[in-house]
Amino acid sequence: MSSYLQIAEEVLRLARRPLSARAILKQAYSLEIAPYHLYGKTQHKTLQARLSEDILQRREHSLFFRTKPGQFFLREFLTDTSIPAEYRQPIVARRRTRDLFLGPALSVSYRYAARLLESGQFAEADLMEKIANSGCYRYIDPKNKDDDDVLLWAVSALTRPGKMLSYRAGRYRDDRDHFAHKRSIAFSTLVSETNHTLFDTQGLGVPDSALFAAAVDLDIPLPEAFSARATFEHFIRFFAWQPEAEATKSLLAFVEVRAPDWFEPTASRLSLNDLCWLDMSAPPNNWDDFDPPSQTILSYYFPRAATHG
């Protein structure tokens, strides 16, 4: 690491708050930890350029992130609840589209799944272990399915005690946004073969895929997969057939992601509008305002409301 980045790391660790490049150098001079070649009228511009370059090239592997334009902080403080929450929210460039899914996707045998899960019913979380142990799955090109292939969608929702995060989606993703402007609680993704890791031998990567779908859409700071698993407790709660139609034949694996106390979503994240925590003590009155995957999830918690919706 260059002298500039080493100085920035040391100053920010001592300051425990975001600073501009000029302020970092000012404190470095005050502490007498800046080497002679870092003195000069334009050194702060060089420092800012080095920090920006490090963040751009190394992304989540950089030691640094921006809290707002021109303000830098250390990534190690992202989950430190002793630091004010506004200092732990990385600024992320607004994207117009969600990244397209790449690579083979997890597919389950329809004949096998249909024996264990009837249409309109829910299967418990142990269905994932049964699928993994049965070997009745494979990874395929989603555009080249056989009749027995059922794509498995990892679908997550963020929760806190008695609450579930909901939002209204704008058109910021790809062609999967069939229900733009509907209210939703769901963050969905197919499961790549690369998601099946040594950390998740029985889940085939489904829980972590669902976690990272929510993390991408909400720009949740997850420095590493392993720390993310510990910070955001997440687990499969149930399985259901996707509500679209029998012709599409796809499975929904719902993963509940429990938000830590420090996390609070902000309205500036991507094109998710009207973010609010849904009260789960009673079914929502506007059932038809939710998109179909969200209705499926909510019907697990409020079966009678779904019947009368």
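Trainee: What does the accessible surface of the protein come to, and what share belongs to carbon and sulfur atoms?

Mentor: This is a predicted model. Its accessible surface comes to about 15,800 Å². Carbon and sulfur atoms hold 50% of that.

Trainee: How many helices and strands does the protein have?

Mentor: There are 9 helices and 12 strands. Of the 309 residues, 47% are buried. Take contacts between residues at least 6 apart in sequence: 67% of them join residues at least 24 apart.

Trainee: Which residues touch the most other members of the largest nonpolar core?

Mentor: In soluble globular proteins, nonpolar side chains tend to be buried together. Here the largest nonpolar core has 40 residues. Leu-152, Leu-158, Val-206, Phe-239 and Leu-251 touch the most other members. Helix 6, residues 206-218, gives the most to this core, with 6 residues.

Trainee: Now helix packing. At what angle do helix 1 and helix 2 pack?

Mentor: Two packed helices are described by the angle between their axes and the distance between the axes. Helix 1 and helix 2 (residues 21-31) pack at about 85°, with axes 9 Å apart. So helix 1 is roughly perpendicular to helix 2.

Trainee: Which residues meet there?

Mentor: Helix 1 brings Ile-7, Ala-8, Val-11, Leu-12, Leu-14 and Ala-15. Helix 2 brings Ile-24, Gln-27, Ala-28 and Leu-31. By class, the contact has 9 nonpolar residues, 1 polar and no charged.

Trainee: And helix 3? At what angle does its axis cross that of helix 1?

Mentor: Roughly 90°. The axes of helix 1 (residues 3-15) and helix 3 (residues 43-58) come within 9 Å. Helix 1 is therefore roughly perpendicular to helix 3. On helix 1, Tyr-4, Leu-5 and Ala-8 take part. They meet Gln-43, Thr-46, Leu-47, Arg-50, Leu-51 and Asp-54 in helix 3. This contact divides into 5 nonpolar, 2 polar and 2 charged residues.

Trainee: Next, backbone angles. What is the phi of Arg-16?

Mentor: Most residues other than glycine have a negative phi. Arg-16 is not a glycine, yet its phi is positive, about 55°. Arg-16 lies in the loop between helix 1 and helix 2. Its relative accessible area is 34%, so Arg-16 counts as partly exposed.

Trainee: Where does Glu-32 lie, and is Glu-32 buried or exposed?

Mentor: Glu-32 lies in the loop between helix 2 and helix 3. Its phi is also positive, near 60°. Glu-32 is exposed, with a relative accessible area of 69%.

Notes:
Residues are numbered from 1 along each chain as its sequence is written. This is a predicted model: local features need pLDDT of at least 70, side-chain atom pairs count only at pLDDT 80 or more; totals for chains, interfaces and linings use all residues. Side-chain values use heavy atoms; hydrogens and water are left out. Axes are lines fitted to C-alpha atoms, for helices over the stretch in contact, and angles run from 0 to 180 degrees between N-to-C directions. Helices (H or I, at least four residues) and strands (E, at least two) are DSSP runs, numbered from the N terminus. Angles under 35 degrees count as roughly parallel, over 145 as roughly antiparallel, 65 to 115 as roughly perpendicular and the rest as oblique. Contact means heavy atoms within 4.5 Å. Ala, Val, Leu, Ile, Met, Phe, Trp, Tyr, Cys and Pro count as nonpolar, Asp, Glu, Lys and Arg as charged, and the others, Gly among them, as polar. Buried means under 20% relative accessible area, exposed over 50%, partly exposed in between (1.4 Å probe, protein chains only). Accessible areas come from the Shrake-Rupley method with a 1.4 Å probe; for residues, only the protein chains shown count as cover. A nonpolar core is a set of buried Ala, Val, Leu, Ile, Met, Phe, Trp, Tyr and Cys residues joined through side-chain atoms within 4.5 Å.
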